[in-house]
Amino acid sequence: MNIVETVAEVRNQVKAWRKEGLTVGLVPTMGYLHEGHQSLIARACQENDRVVVSVFVNPTQFGPNEDLASYPRDLQHDAALCESTGADLIFHPTPEEMYPKGFCSFVDMDVLTKELCGLSRPVHFRGVCTVVSKLFHIVQPDRAYFGEKDAQQLAVIRRMVLDLNMDIEIVGCPIVREADGLAKSSRNTYLSPEERKAALVLSRSIFVGKELAEQGETDAKKLVQKMTEIIEAEPLAKIDYVKVVDLMTMQQIETLDRPFLAAMAVYIGKTRLIDNFMMQAGGAVQ
Ligand code: AMP
């Protein structure tokens, strides 16, 4: 497995693979990889001849007061995980390689990005759409893999690919959790032992919400109320949002009569964590 830092090196490698008639999968990440990322890489390895993992803490998707500088990084660990999972290439560009002097083109999206995380992170999805578009153009994969952990991001990428006629199959992969339920996240490393315990309110609330919906609750307000109560009982937790939205449009709904996403963002101390579940009308998606 190779690690390369330049766009030219990725292009050369992918061109050589294409000449041999091989298919290519892409797994975009910000690094500090865990079993959640690993599940995407493993799936990509099953479904493609060659797999590229990008490891890039993308500055344009962080707001001015967010954790860009402190975001955890460990390329050596990431390389070992990628290699043992079967990836063929890590693309680890510098910010200057991705955003050279004079860079001023962005990919932006309406509607879907104006809800949920887009409300408290107004520049986030512009950064995500821009970097993912760039990665798609650089790697030109057959398939790209994204986690349902970032459900709004997955919906946004699916929409972008549709709207901009990108010939890439987007594959969504289920949330990987710790044994006690907490969704795996690179940001979990920020949590103190006390906060780590408190963070369990997210998954507890998600599981209760999912059970309620599975039992036939159709009132979105009641679902949100029950899920909110569970989080409010934890003194270290502060809710950013708990919402139920249409799975395609990310717009809030009142009745659970179509595929929906129940999603939350919650501060545990200073750390902002997200979790969610999705359901088709009458049955769980995950
Ligand atoms: P990140 O490095 O946080 O940008 O995540 C890179 C990709 O891994 C995104 O598509 C995430 O949705 C996915 N991912 C992160 N955590 C998990 C998890 N616990 N389970 C499944 N996918 C995940």
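This is a short tour of a predicted model, stop by stop.

**Stop 1: the ligand**

Select the ligand and the residues around it. The shell counts 17 residues. The closest are His-37, Gly-147, Asp-150, Val-176 and Lys-184. Colour the shell by class: eight residues are nonpolar, six are polar and three are charged.

Where does the shell come from? Strand E2 (24-29), helix H2 (35-47) and strand E5 (143-147) each supply at least two of its residues. Helix H2 gives the largest share, three residues.

**Stop 2: polar atoms at the ligand**

Pick Asp-150 to begin. A polar atom of the Asp-150 side chain lies 2.6 Å from a ligand oxygen. Now pick Gly-147. Here a backbone N or O atom is 2.9 Å from an oxygen atom of the ligand. Then go to Lys-184. A backbone N or O atom of Lys-184 sits 2.9 Å from a nitrogen atom of the ligand. How much of the ligand's accessible area does the protein cover? On its own the ligand has 480 Å² of accessible area, and the protein covers 93% of that.

**Stop 3: helix H6**

Select residues 124-139, which form helix H6.

Next, check the span of H6 with the distance tool. Step just past the helix to Gln-140. Its phi is positive, about 50°.

**Stop 4**

Select residues 260-268 for strand E8 and residues 271-280 for strand E9. The two strands run antiparallel, joined by nine bridges. Strand E9 is mostly covered, with nine of its 10 residues buried.

Now look at the turn. Two residues lie between the strands of this hairpin. Gly-269 takes a positive phi there, near 60°.

**Stop 5: Glu-20**

Finish at Glu-20. Find it in the loop between helix H1 (7-19) and strand E2. Is Glu-20 buried or exposed? Its relative accessibility is 56%, and exposed means over 50%, so Glu-20 counts as exposed.

Glu-20 and Ile-268 are 248 residues apart in sequence. In space, they are 49 Å apart, C-alpha to C-alpha.

Methods:
Residues are numbered from 1 along each chain as its sequence is written. This is a predicted model: local features need pLDDT of at least 70, side-chain atom pairs count only at pLDDT 80 or more; totals for chains, interfaces and linings use all residues. Side-chain values use heavy atoms; hydrogens and water are left out. Helices (H or I, at least four residues) and strands (E, at least two) are DSSP runs, numbered from the N terminus. The expected span of a helix is 1.5 Å times one less than its number of residues. A residue is near a molecule or strand if one of its heavy atoms lies within 4 Å of it. A polar contact is a pair of N or O atoms within 3.5 Å; within protein, one must be able to donate a hydrogen and the other to accept it, and residues adjacent in sequence count only if both atoms are side-chain atoms. Accessible areas come from the Shrake-Rupley method with a 1.4 Å probe; for residues, only the protein chains shown count as cover. Ala, Val, Leu, Ile, Met, Phe, Trp, Tyr, Cys and Pro count as nonpolar, Asp, Glu, Lys and Arg as charged, and the others, Gly among them, as polar. Buried means under 20% relative accessible area, exposed over 50%, partly exposed in between (1.4 Å probe, protein chains only). Two strands pair if DSSP finds at least two bridges between them.
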